[in-house]
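Good morning, and thank you for the time on today's agenda.

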Amino acid sequence: MDYKKLSLGLGVFSLALGAAELFGARRIAAGLDAQGHEGLVKGFGARELLAGVNLLAAPAVATGMWNRVAGDVMDIVATAAAVRNSPRNRLAWGALAFVAGAALLDAWVAVGLDEQTGKTLPTEPPLPA
C-alpha cells in the first residue's frame, strides 16, 4: 500500500472540505440544526485547510496525518453534540458517521506512514560530511 499517495489524496480532500466549511458555514450549521455556530464551522474549515496544506507539503510525514486524526476527534465531539441536540436529524447522524469513518481512515494512513517511512516527525536531511 502506498500510504504517501493516500496522504496526498487526503490532503486534497482536506482542502476541499475546508473550503466547503469556510464558505458554506451557514448552510452546514443550518443542516445540523446548529444555527449560531457558524464561527465554529468556519474555524473547523480553517483547520482543515491548514491540514491539507501540511499534507501536500510533506505527505510522507505521519505527523500531518496524526494532526488530521486529532481534528477528527474535535469533529466527532462537535457532531455528537449536534446529534444530542437534534436526535432525529438524519443529516447530523450522517455527518457523525462520515467523520468517524474519516477518523478511522486517517488513523490507518498515519500508522501506515509510521511503518512505511519511519517519519513520524519532519527531519532535516543529514548534512554532507
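Predicted model: local features only at pLDDT ≥ 70, side-chain atom pairs only at ≥ 80, totals over all residues.

Let me begin with a question: in which helix is Leu8 found? Leu8 belongs to helix α1.

First, the overall picture. The protein contains five helices and zero strands, and from the N terminus on the order of elements is α-α-α-α-α. Taken along the principal axes, the C-alpha atoms fill a box of roughly 60 × 25 × 20 Å. The protein has 129 residues, of which 36% are buried. It exposes about 7,700 Å², and 68% of that area is supplied by carbon and sulfur atoms. As for charge, there are 11 positive and 11 negative side chains, and the centres of these two sets lie 8 Å apart.

One further figure concerns how the chain meets itself. If we take the contacts between residues at least 6 apart in sequence, 76% of them join residues at least 24 apart.

Let us now return to α1. This helix has 21 residues and reaches 30 Å from its first C-alpha to its last, close to the 30 Å expected at 1.5 Å a residue. Which residues of α1 are buried? They are Tyr3, Ser7, Leu10, Gly11, Ser14, Gly18 and Glu21. These residues cover an arc of only 115° around the axis, and therefore they sit on the same side of α1. The face turned away from that buried side carries the exposed residues Lys5 and Phe23. The cover over the buried residues of α1 includes α2, α3, α4 and α5.

Where does Leu8 stand in this? Its relative accessibility is 32%, so Leu8 counts as partly exposed. Setting aside neighbours within four places in sequence, Leu8 is in contact with Leu55, Leu56 and Pro59. Leu8 and Leu56 are 48 residues apart along the chain, yet their C-alpha atoms are separated by 5.7 Å.

Leu55 takes us to the helix α3, where it is one of the buried residues. Helix α3 covers residues 38-57, which is 20 residues, and it reaches 29 Å from first C-alpha to last, close to the 28 Å expected at 1.5 Å a residue. The buried residues in α3 are Val41, Phe44, Gly45, Arg47, Glu48, Ala51, Gly52 and Leu55. Seen down the axis of α3, these fall within an arc of 165°, so they line one face of the helix. The face turned away from the buried side carries the exposed residues Gly39, Leu50 and Ala57. What do the buried residues of α3 pack against? They pack against α1 (3-23), α2 (25-31) and α4 (62-85).

Next comes α4. It has 24 residues and reaches 35 Å from its first C-alpha to its last, close to the 34 Å expected at 1.5 Å a residue. Its buried residues include Gly64, Met65, Arg68, Asp72, Asp75 and Ala82. The buried residues of α4 pack against α1, α3 and α5 (90-117).

Is Leu32 buried or exposed? Its relative accessible area is 14%, and because buried means under 20%, Leu32 counts as buried. Not counting residues up to four places away in sequence, Leu32 touches Ala82, Asn89, Leu91, Ala92 and Ala95. Of these, Ala82 is among the buried residues of α4. Leu32 and Val77 are 45 residues apart in sequence and 13 Å apart in space, C-alpha to C-alpha.

Asp33 is found in the loop between α2 and α3 as well. With a relative accessibility of 41%, Asp33 counts as partly exposed. Its phi is near 55°, a positive value in a residue other than glycine. Leaving aside neighbours within four places in sequence, Asp33 is in contact with Ser86 and Asn89. Asn89 is also touched by Leu32.

To close, I would ask you to find two things in the model: the buried face of α3, and the contacts of Leu32. Thank you for your attention.

Notes:
Residues numbered from 1 in each chain as written. Heavy atoms only, no water. Helix = DSSP H or I, 4+ residues; strand = E, 2+ residues; numbered from the N terminus. Buried < 20%, exposed > 50% of the residue type's maximum accessible area, 1.4 Å probe, protein only. Contact = heavy atoms within 4.5 Å. Areas by Shrake-Rupley, 256 points an atom, 1.4 Å probe, with all protein chains shown as cover. Lys, Arg positive; Asp, Glu negative; His and termini not counted. Charge placed at Lys NZ, Arg CZ, Asp CG, Glu CD. Expected span 1.5 Å × (residues − 1). Arc of directions from axis to C-beta.
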